[in-house]
Structure formats: structure tokens, C-alpha cells
Amino acid sequence: MVVRREAAGAGERPAGGVLASGTAIRETVVRPAGAAHRRGGRRLAAEGRDADAMTERCLPAPSLFADPVFPPTRYQGSKRKLAGWIWEQVRGLPFDTVLDVFGGTGAVGHRFKLHDKQVTYNDALAFNHQIGTALIENDRQRLSEADLVRIGRRDPAVDYDDFIERTFSGIYFTDAENRWLDVAVQNIPRIRDRHRRALAWHALYQSCIAKRPYNLFHRRNLYMRTADVSRSFGNKATWDRGFDDHLREHAAAANAAVFDNGRPCRALRADALDAPAGHDLVYVDPPYVSGRNVGVDYHGFYHFLEGLTDYTRWPGRVDYDSKHRRLKPIASPWTRAETNLDAFRRLFHRFADSILVVSYRSDGHPSVDQLHELLAEVKPRVRVATLDRYQYALSTNRKSREVLLIGGARRKVGIEDSESRSEKWEVGSGKLRIED
Ligand SMILES: C[S@@+](CC[C@H](N)C(=O)[O-])C[C@H]1O[C@@H](n2cnc3c(N)ncnc32)[C@H](O)[C@@H]1O
């Protein structure tokens, strides 16, 4: 399979991303005859499920033979727009199995899956594990219209708890929306198939994120939506759209990402330092800690989604002293400059027998040089690729650059033609400068 890159024409919506310069990149995945995801189509046909049956059951019906599309995300640190660049950097390496150990939205794992790799997705958070299950592990299930109706509808036979309405009034969503959430979150576990259930969770999380100012749960700031003021930012129309409507849109987007590459892909929920070793390549994209020691606290930013996923135990996990009713905090070595260097060292040693690929930002802590040294403890050769001119969402920092450090396997295989060196790559221009 090859990935063809071309500039998108006027009026077209690019699937592959937009460069800071405004140039749109469209990536077309071109599969050779008999490629893996057609195997999925053949398998469905063999089971007697023809395209018409699929059309009835799915919402809206993605074509069985259309290329899977990764859904838009509003997640901090998502590599959705960088997944094509990352793939270009590693595609020549000798690997077949991949562990995406800080999986997040699954954007990079999904890209590897598209290229027929056997992907293991991992993330420490329960809600992300559902996302990995929906988009990476799931190879055929899709949500139907009937599923969506059932999620949003109060079943008279069920005695629903109203924990969200009682606990989060005036914090993130309106009272009516909280009531809707209490119902949806107790209906989703009733979906029997776990992959369809995971897709429903995914659609619910995306709906919650889309309706939040800043797309986060870090503050009690419902007033930003409801205050009668003129606004210079934000998207009030999106915030105010109903949950049912959002759910439908995000379910359709998730359905379109589902495909079978013929490999047993799976999703795990483990601390990165406990994730299983033995993959040919481990992709490492940990929380970013800025040079000023401000780390991205995923558990803190997305605690509400974690609570939705653990609804029955949520009341016992809330920090009632916090104004925004976060979950009781959990210490992580990955969010502090004092501890993340050692965490990197432990991670690199744990996965020393795999090719190690690390996504990083040039202004992070530890520095790129420190990280390079750490990788060199377990890898004889390290390559550093830098992407120029990438603008991070919501960031005013124009100096930060996206970096990829690549360390070849320790014993058996080395990176072809690699030496310790740095490369600068400008997507779009196709230029590659090598700095020795
Ligand atoms: C930078 S994000 C990864 C983004 C991902 N590559 C994507 O494209 O969406 C870092 C992820 O690490 C996860 N995480 C944080 N601490 C972790 C840990 N100790 N073990 C595993 N995952 C962890 C967070 O939940 C978050 O999703």
C-alpha cells in the first residue's frame, strides 16, 4: 500500500491536515488489490451480510469499500494531523507489530493499522481504553440508528440514578443536559456487544468535549456558555446544540473509522511502564511538560469522561473540595519535570528490544538532547527528525517544533542506513535537510 500526498483543490476539505502556511494536504491511502481491509469486506460478504443489510443497520452507512477515515478530535496533544508525517519517518523500518503505549485518541495507532500493522493500543485512562477498543480493536461493529435512539431515551422499566444532575449542577452542562447524560450513561452499558458499546462511549465523549469551552473539564465555567455577552471566541452554536444531535454526528464519524486490516489488533489499559514488551516497534507519546515545568494533566483535564466511564463508583471518587468536582488527583511521574526524566529512562529500558519512536516537542522538559542521551543508553543509533512550521492548536508558542526521535532495535536489527543525526523535514515542500 502507498500513501499519495497531494494538495487539496479549491473547496475541498482536506483529510490529512492543514499546514501553518495554510497549504492543505490531502492523503489518499492507495491499497493494492487484495489489501487487508478488503479482506474485511470479503469476510462480511462470506457471512451473508451484504452491503444493503449493512446500509440498514449503520448510521449513516459508510461504504464497505471506502477508505476508513479517522474522526476529528479535540484532544490535547492529538497527533491526528501529524500521523502522516510520523508514518513517513518510520515506514522503511523493519517492523510488523506496534505498541502505541500512550494511545490517546488512537490517531497514530489507526494510521499503523491502515498500513496493515498489528497494533496494540494502550492508555492508562479508562475512557481512552474505550476509544482504543472502538477504533483500533474493533474491526467490524458499527452503531445503528436504533442504538442511538436507545442511548438517549429513558426506559420506563429502569430506575435511573441522577448523580450527574445532583453533583454537577451549574458546572459544565445545563440541568437538562445533565439529566440527558444520567440517562445515556446508564443506557450505554446495556449495549451487549462490547465493540458497539465502545463506539457509543466514543461518541458520547466527543459530544461532551465538543460542548465544552476549551474542550476541557478543568474549570467550573458553564457561565461562559450561558452569559448574555458578546463573544470574541468560542463556538456558542456548537456548545448549545443538543446532545442527541452531537451523538449522531460523532457516531457517524466513528463508524467511518472502523475497518478490518486482517490482523488481531487490540486495546489495553495499563500504566505505560507495565505495558507488555515484545512488539517490534513501540511508539511513545507521553504527556508534554513545558520548559517551565507545566505538564498536561490528562486525568485532571478529562476527569469528567473518566467519571462517565465509571459511573457507579464515581460518587466515591469525586474530590468534593474542588469547585469543579474533579476526581481525586492521582500522582503521575509523567507530568512533572522532577520525575519525567527518570520515567523516560525506565520506559526506554523496559522496551529496549523494540524500535523506539518518541514524539516530542523541542521546548519540552527534558530537552531533546537529554532524551537523545537517554535513548542512546539502549540504542546504538538514534535519528532525530524535526517538523518545521507546524502550528499547535490553541498554542501561541511559535518557536516550538515537533520532533521525532527514532532508536533502532538493540540487538537483532538496526535502522537501515542510520547514524546519529538530525533531519529537518518540511511537509508539503517535501524538503529533507540532514544535519550531521
Ligand atoms: C500526548 S497524549 C497521546 C496522544 C496520542 N498520540 C494521540 O494522537 O491522540 C498522552 C496520553 O498518555 C496517556 N497517559 C498519561 N499517563 C499515562 C501512563 N502512565 N501510562 C499510559 N498512558 C498514560 C494520557 O491519557 C494521554 O492520552
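Colleague: Which residues come nearest to the ligand?

Modeller: A residue is near a molecule or strand if its C-beta atom, placed from the backbone, lies within 6 Å of it. Around the ligand there are 21 residues, and those that come nearest are Gly77, Lys79, Phe102, Gly104 and Thr105.

Colleague: What is the mean pLDDT of the protein?

Modeller: Of the residues of the protein, 75% reach 70 or more. Over residues 411-421 the pLDDT is below 50, although this stretch has 23 contacts (C-beta atoms, placed from the backbone, within 7 Å) beyond near neighbours in sequence. Where pLDDT is low, the predicted coordinates should not be read in detail. For the protein, the mean pLDDT is 82.

Colleague: Is H9 parallel or oblique to H12?

Modeller: Helices (H or I, at least four residues) and strands (E, at least two) are DSSP runs, numbered from the N terminus; axes are lines fitted to C-alpha atoms, for helices over the stretch in contact, and angles run from 0 to 180 degrees between N-to-C directions. Helix H9 (residues 194-210) packs against helix H12 (residues 243-255) at an angle of about 125°, with their axes 8 Å apart. Angles under 35 degrees count as roughly parallel, over 145 as roughly antiparallel, 65 to 115 as roughly perpendicular and the rest as oblique. The relation of H9 to H12 is therefore oblique.

Colleague: How many charged residues are in the contact of H9 with H12?

Modeller: Residues of H9 including Leu199, His202 and Ala203 meet residues of H12, among them Phe243 and His246. By class, this contact of H9 with H12 has 8 nonpolar and 5 polar residues, and the number of charged residues is: no charged residues.

Colleague: Which residues of H12 does helix H6 meet?

Modeller: The axes of helix H6 (residues 145-152) and H12 cross at roughly 150° and come within 11 Å. On the side of H6, the residues are Leu148, Ile151 and Gly152; in H12, they meet Asp244, Leu247, Arg248 and Ala251.

Colleague: Is the crossing of H16 and H17 left-handed or right-handed?

Modeller: Helix H16 (residues 337-350) and H17 pack at an angle of about 30°, with their axes 9 Å apart, and are therefore roughly parallel to each other. A crossing is left-handed if the near helix is turned anticlockwise from the far one by less than a right angle, and right-handed if clockwise. The crossing in which H16 passes H17 is right-handed.

Colleague: Is the peptide bond from His365 to Pro366 cis or trans?

Modeller: Pro366 lies in the loop between strand E8 (355-361) and helix H17 (368-378). Most peptide bonds are trans. With omega near 0°, the bond from His365 to Pro366 is cis.

How values were computed. Residues are numbered from 1 along each chain as its sequence is written. This is a predicted model: local features need pLDDT of at least 70, side-chain atom pairs count only at pLDDT 80 or more; totals for chains, interfaces and linings use all residues. pLDDT is the predictor's confidence in each residue, from 0 to 100. Two residues are in contact if their C-beta atoms, placed from the backbone, lie within 7 Å. Ala, Val, Leu, Ile, Met, Phe, Trp, Tyr, Cys and Pro count as nonpolar, Asp, Glu, Lys and Arg as charged, and the others, Gly among them, as polar.
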